[in-house]
Amino acid sequence: MSIQLYDLATADPKLRFSPYCWRIKMALAHKGLQWEEVPVHFTEKDRLPQPNVGTVPVLVDGDTVISDSWTIAGYLDERYPDKPLFACAESKATAMLVRFWIERTVHPFITRMGVVDFMAALHEKDKPYFRESREKRFGMPIEQYMNNREEAREGFVATLEPLRATLAEQPYVAGSRPAFADYILFGILQWMRCGSPFPALKKDDPVFAYRERMLDLFDGLGRKAAHREQLD
Ligand SMILES: N[C@@H](CCC(=O)N[C@@H](CS)C(=O)NCC(=O)O)C(=O)O
(Lines give C-alpha, C1' and ligand atoms only; values in the text may rest on other atoms or scores of the structure.)
Protein backbone atom coordinates (compact mmCIF):
# COMPACT_ATOMS: atom_id res chain seq x y z
CA MET A 1 0.00 0.00 0.00
CA SER A 2 1.45 3.33 -0.96
CA ILE A 3 2.30 6.10 1.48
CA GLN A 4 1.01 9.60 0.83
CA LEU A 5 2.66 12.72 2.19
CA TYR A 6 0.66 15.94 2.27
CA ASP A 7 3.15 18.71 1.56
CA LEU A 8 2.94 22.51 1.37
CA ALA A 9 2.29 23.82 -2.15
CA THR A 10 3.70 27.07 -3.56
CA ALA A 11 2.90 28.86 -6.84
CA ASP A 12 5.49 26.71 -8.62
CA PRO A 13 4.39 23.05 -8.65
CA LYS A 14 8.02 21.97 -8.24
CA LEU A 15 8.93 24.31 -5.38
CA ARG A 16 8.36 22.87 -1.88
CA PHE A 17 10.01 24.49 1.09
CA SER A 18 8.13 23.47 4.24
CA PRO A 19 10.82 22.67 6.84
CA TYR A 20 8.54 20.21 8.66
CA CYS A 21 7.73 18.36 5.43
CA TRP A 22 11.42 18.15 4.54
CA ARG A 23 12.02 16.37 7.84
CA ILE A 24 9.61 13.66 6.73
CA LYS A 25 10.81 13.37 3.14
CA MET A 26 14.30 12.71 4.49
CA ALA A 27 12.92 10.30 7.10
CA LEU A 28 11.01 8.30 4.48
CA ALA A 29 14.09 8.16 2.25
CA HIS A 30 16.18 7.10 5.28
CA LYS A 31 13.81 4.15 5.72
CA GLY A 32 13.98 3.31 2.04
CA LEU A 33 10.23 3.83 1.70
CA GLN A 34 8.45 5.13 -1.39
CA TRP A 35 5.86 7.85 -1.11
CA GLU A 36 3.54 9.97 -3.18
CA GLU A 37 3.36 13.72 -2.46
CA VAL A 38 0.06 15.57 -2.27
CA PRO A 39 0.73 19.31 -2.43
CA VAL A 40 -1.83 21.44 -0.57
CA HIS A 41 -2.02 25.24 -0.48
CA PHE A 42 -2.32 27.17 2.78
CA THR A 43 -5.92 28.04 1.90
CA GLU A 44 -6.90 24.49 0.96
CA LYS A 45 -6.83 22.94 4.43
CA ASP A 46 -10.18 21.28 3.82
CA ARG A 47 -8.29 18.92 1.48
CA LEU A 48 -6.28 17.48 4.40
CA PRO A 49 -7.37 14.04 5.60
CA GLN A 50 -9.28 13.54 8.85
CA PRO A 51 -8.45 14.06 11.64
CA ASN A 52 -7.54 17.43 10.14
CA VAL A 53 -5.24 19.47 12.40
CA GLY A 54 -4.69 22.16 9.77
CA THR A 55 -0.96 21.72 9.25
CA VAL A 56 1.35 19.72 7.00
CA PRO A 57 3.06 17.29 6.95
CA VAL A 58 0.34 14.65 7.14
CA LEU A 59 1.28 11.05 6.45
CA VAL A 60 -1.30 8.59 5.20
CA ASP A 61 -0.19 4.98 5.39
CA GLY A 62 -3.09 2.71 4.48
CA ASP A 63 -5.81 3.44 7.05
CA THR A 64 -3.47 5.36 9.33
CA VAL A 65 -3.41 9.17 9.22
CA ILE A 66 -0.72 10.96 11.23
CA SER A 67 -0.04 14.66 11.58
CA ASP A 68 2.91 16.49 13.12
CA SER A 69 6.43 15.71 11.98
CA TRP A 70 7.66 14.52 15.40
CA THR A 71 4.71 12.15 15.78
CA ILE A 72 5.20 10.92 12.21
CA ALA A 73 8.87 10.14 12.93
CA GLY A 74 7.85 8.09 15.98
CA TYR A 75 5.21 6.27 13.95
CA LEU A 76 7.70 5.44 11.19
CA ASP A 77 10.12 3.89 13.70
CA GLU A 78 7.34 1.80 15.24
CA ARG A 79 5.82 0.67 11.97
CA TYR A 80 9.10 0.26 10.05
CA PRO A 81 11.74 -0.56 12.70
CA ASP A 82 14.57 -1.17 10.22
CA LYS A 83 16.99 1.75 9.85
CA PRO A 84 15.76 3.62 12.93
CA LEU A 85 15.37 7.39 12.97
CA PHE A 86 16.14 7.25 16.70
CA ALA A 87 18.68 4.59 17.70
CA CYS A 88 17.22 4.26 21.22
CA ALA A 89 14.94 6.02 23.70
CA GLU A 90 17.85 8.16 24.91
CA SER A 91 18.74 9.38 21.42
CA LYS A 92 15.08 10.25 20.85
CA ALA A 93 15.09 12.22 24.08
CA THR A 94 18.24 14.05 23.01
CA ALA A 95 16.80 14.75 19.56
CA MET A 96 13.97 16.54 21.40
CA LEU A 97 16.49 19.17 22.48
CA VAL A 98 17.68 19.55 18.88
CA ARG A 99 14.05 19.95 17.80
CA PHE A 100 13.28 22.72 20.25
CA TRP A 101 16.64 24.46 19.73
CA ILE A 102 15.85 24.58 16.01
CA GLU A 103 12.19 25.56 16.44
CA ARG A 104 12.66 28.15 19.18
CA THR A 105 16.10 29.64 18.50
CA VAL A 106 17.17 29.02 14.90
CA HIS A 107 13.80 29.12 13.11
CA PRO A 108 13.19 32.85 13.89
CA PHE A 109 16.49 33.79 12.22
CA ILE A 110 15.38 31.98 9.06
CA THR A 111 12.09 33.84 9.11
CA ARG A 112 13.89 37.15 9.57
CA MET A 113 16.12 36.35 6.57
CA GLY A 114 13.46 35.03 4.23
CA VAL A 115 9.80 35.60 5.12
CA VAL A 116 9.10 38.14 2.35
CA ASP A 117 10.60 35.72 -0.19
CA PHE A 118 8.56 32.83 1.22
CA MET A 119 5.38 34.82 0.77
CA ALA A 120 6.40 35.88 -2.75
CA ALA A 121 6.75 32.22 -3.74
CA LEU A 122 3.20 31.34 -2.66
CA HIS A 123 0.16 31.18 -4.89
CA GLU A 124 -1.70 34.51 -5.08
CA LYS A 125 -4.68 33.02 -3.24
CA ASP A 126 -2.46 32.12 -0.26
CA LYS A 127 -0.69 35.46 0.14
CA PRO A 128 -3.37 37.38 2.12
CA TYR A 129 -3.74 34.45 4.56
CA PHE A 130 0.01 34.12 4.95
CA ARG A 131 0.50 37.84 5.52
CA GLU A 132 -2.30 38.12 8.03
CA SER A 133 -1.38 35.01 10.05
CA ARG A 134 2.34 35.82 10.15
CA GLU A 135 1.85 39.51 10.95
CA LYS A 136 -0.38 38.50 13.84
CA ARG A 137 2.39 36.18 15.05
CA PHE A 138 5.21 38.76 14.63
CA GLY A 139 3.17 41.73 15.79
CA MET A 140 4.41 43.77 12.83
CA PRO A 141 4.35 43.87 8.99
CA ILE A 142 6.45 41.08 7.51
CA GLU A 143 8.58 43.63 5.63
CA GLN A 144 9.49 45.20 8.97
CA TYR A 145 10.23 41.79 10.47
CA MET A 146 12.69 41.16 7.62
CA ASN A 147 14.05 44.69 7.41
CA ASN A 148 17.62 43.78 8.39
CA ARG A 149 18.46 40.40 6.94
CA GLU A 150 22.22 41.03 7.19
CA GLU A 151 21.85 41.36 10.94
CA ALA A 152 19.59 38.27 11.00
CA ARG A 153 22.27 36.35 9.10
CA GLU A 154 24.88 37.39 11.67
CA GLY A 155 22.60 36.08 14.41
CA PHE A 156 21.95 32.88 12.47
CA VAL A 157 25.67 32.23 11.92
CA ALA A 158 26.45 32.94 15.58
CA THR A 159 23.72 30.69 16.92
CA LEU A 160 25.08 27.76 14.92
CA GLU A 161 28.37 27.75 16.86
CA PRO A 162 27.54 24.64 18.98
CA LEU A 163 26.69 22.87 15.74
CA ARG A 164 30.08 23.83 14.24
CA ALA A 165 31.84 22.47 17.32
CA THR A 166 29.82 19.24 17.01
CA LEU A 167 30.64 18.89 13.32
CA ALA A 168 34.34 19.23 14.13
CA GLU A 169 33.98 15.98 16.12
CA GLN A 170 31.55 14.00 13.97
CA PRO A 171 30.02 14.32 10.47
CA TYR A 172 26.38 14.38 11.58
CA VAL A 173 24.39 15.65 14.55
CA ALA A 174 23.39 12.05 15.31
CA GLY A 175 27.05 10.89 15.09
CA SER A 176 28.69 8.90 12.33
CA ARG A 177 25.42 8.51 10.42
CA PRO A 178 22.52 10.87 9.87
CA ALA A 179 19.27 10.35 11.78
CA PHE A 180 16.16 12.34 12.62
CA ALA A 181 18.01 15.09 14.52
CA ASP A 182 19.84 15.79 11.23
CA TYR A 183 16.59 15.85 9.27
CA ILE A 184 15.18 18.42 11.69
CA LEU A 185 18.21 20.61 11.14
CA PHE A 186 18.27 19.98 7.41
CA GLY A 187 14.59 20.97 7.24
CA ILE A 188 15.34 24.58 8.13
CA LEU A 189 18.46 24.75 5.94
CA GLN A 190 16.45 23.44 2.99
CA TRP A 191 13.55 25.79 3.79
CA MET A 192 15.90 28.74 3.35
CA ARG A 193 17.71 27.29 0.34
CA CYS A 194 14.47 26.45 -1.48
CA GLY A 195 12.45 29.45 -0.38
CA SER A 196 14.80 32.43 -0.68
CA PRO A 197 17.60 33.62 -2.99
CA PHE A 198 19.38 35.13 0.04
CA PRO A 199 22.58 33.19 0.86
CA ALA A 200 22.30 32.26 4.53
CA LEU A 201 25.58 30.35 4.68
CA LYS A 202 29.02 31.27 3.42
CA LYS A 203 30.85 28.58 1.49
CA ASP A 204 33.70 28.37 4.01
CA ASP A 205 31.32 27.65 6.90
CA PRO A 206 31.49 24.00 8.09
CA VAL A 207 27.69 24.15 8.23
CA PHE A 208 27.72 24.76 4.48
CA ALA A 209 29.81 21.58 4.01
CA TYR A 210 27.36 19.75 6.31
CA ARG A 211 24.44 20.95 4.21
CA GLU A 212 26.25 19.71 1.10
CA ARG A 213 26.55 16.26 2.69
CA MET A 214 22.88 16.31 3.57
CA LEU A 215 21.92 17.41 0.05
CA ASP A 216 23.77 14.40 -1.36
CA LEU A 217 21.98 11.82 0.81
CA PHE A 218 19.53 9.40 -0.75
CA ASP A 219 20.67 9.90 -4.30
CA GLY A 220 20.58 13.68 -3.96
CA LEU A 221 16.96 13.95 -2.79
CA GLY A 222 17.52 17.42 -1.33
CA ARG A 223 19.85 18.64 -4.06
CA LYS A 224 17.44 17.71 -6.85
CA ALA A 225 14.68 19.84 -5.31
CA ALA A 226 13.83 23.16 -6.97
CA HIS A 227 15.55 25.93 -5.03
CA ARG A 228 16.06 29.68 -5.08
CA GLU A 229 19.26 30.36 -3.17
CA GLN A 230 21.92 32.22 -5.08
CA LEU A 231 25.38 32.04 -3.62
CA ASP A 232 27.49 35.17 -3.52
N1 LIG B 1 4.40 20.93 14.76
C2 LIG B 1 4.06 20.76 13.37
C3 LIG B 1 4.19 22.08 12.64
C4 LIG B 1 3.79 21.98 11.19
C5 LIG B 1 3.59 23.32 10.52
O6 LIG B 1 3.55 24.38 11.19
N7 LIG B 1 3.48 23.28 9.20
C8 LIG B 1 3.20 24.49 8.45
C9 LIG B 1 3.85 24.44 7.08
S10 LIG B 1 5.61 24.59 7.19
C11 LIG B 1 1.72 24.59 8.22
O12 LIG B 1 1.09 23.63 7.81
N13 LIG B 1 1.15 25.75 8.51
C14 LIG B 1 -0.24 25.97 8.30
C15 LIG B 1 -0.59 27.40 8.60
O16 LIG B 1 0.27 28.17 8.98
O17 LIG B 1 -1.75 27.71 8.42
C18 LIG B 1 4.96 19.67 12.77
O19 LIG B 1 6.05 19.43 13.30
O20 LIG B 1 4.54 19.03 11.79
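I looked up where helix 3 and helix 8 touch, counting residues as in contact if their C-beta atoms, placed from the backbone, lie within 7 Å. From helix 3, Ala95, Val98, Arg99, Ile102, Val106, His107, Ile110, Met113, Gly114, Asp117, Phe118 and Ala121 meet Phe180, Ala181, Ile184, Leu185, Ile188, Trp191, Met192 and Gly195 of helix 8. I sorted this contact of helix 3 with helix 8 by class and noted 15 nonpolar, 3 polar and 2 charged residues. Here Ala, Val, Leu, Ile, Met, Phe, Trp, Tyr, Cys and Pro count as nonpolar, Asp, Glu, Lys and Arg as charged, and the others, Gly among them, as polar.

I noted that the model is predicted: local features need pLDDT of at least 70 and side-chain atom pairs pLDDT 80 or more, while totals for chains, interfaces and linings use all residues. Residues are numbered from 1 along each chain as its sequence is written.

I then turned to the whole protein. I found 9 helices and 4 strands, where helices (H or I, at least four residues) and strands (E, at least two) are DSSP runs numbered from the N terminus. Their order from the N terminus is β-α-β-β-β-α-α-α-α-α-α-α-α. I recorded that the C-alpha atoms fill a box of roughly 45 × 45 × 30 Å, taken along the principal axes.

Last, I examined the ligand. Its surroundings are Leu8, Ser18, Pro19, Tyr20, Phe42, Thr55, Val56, Pro57, Asp68, Ser69, Trp70 and Ser133, each with its C-beta atom, placed from the backbone, within 6 Å of the ligand. I counted 7 nonpolar, 4 polar and 1 charged residues in this shell. Helix 1 (19-31) and helix 2 (69-79) each supply at least two residues of the shell.

How values were computed. Two residues are in contact if their C-beta atoms, placed from the backbone, lie within 7 Å.
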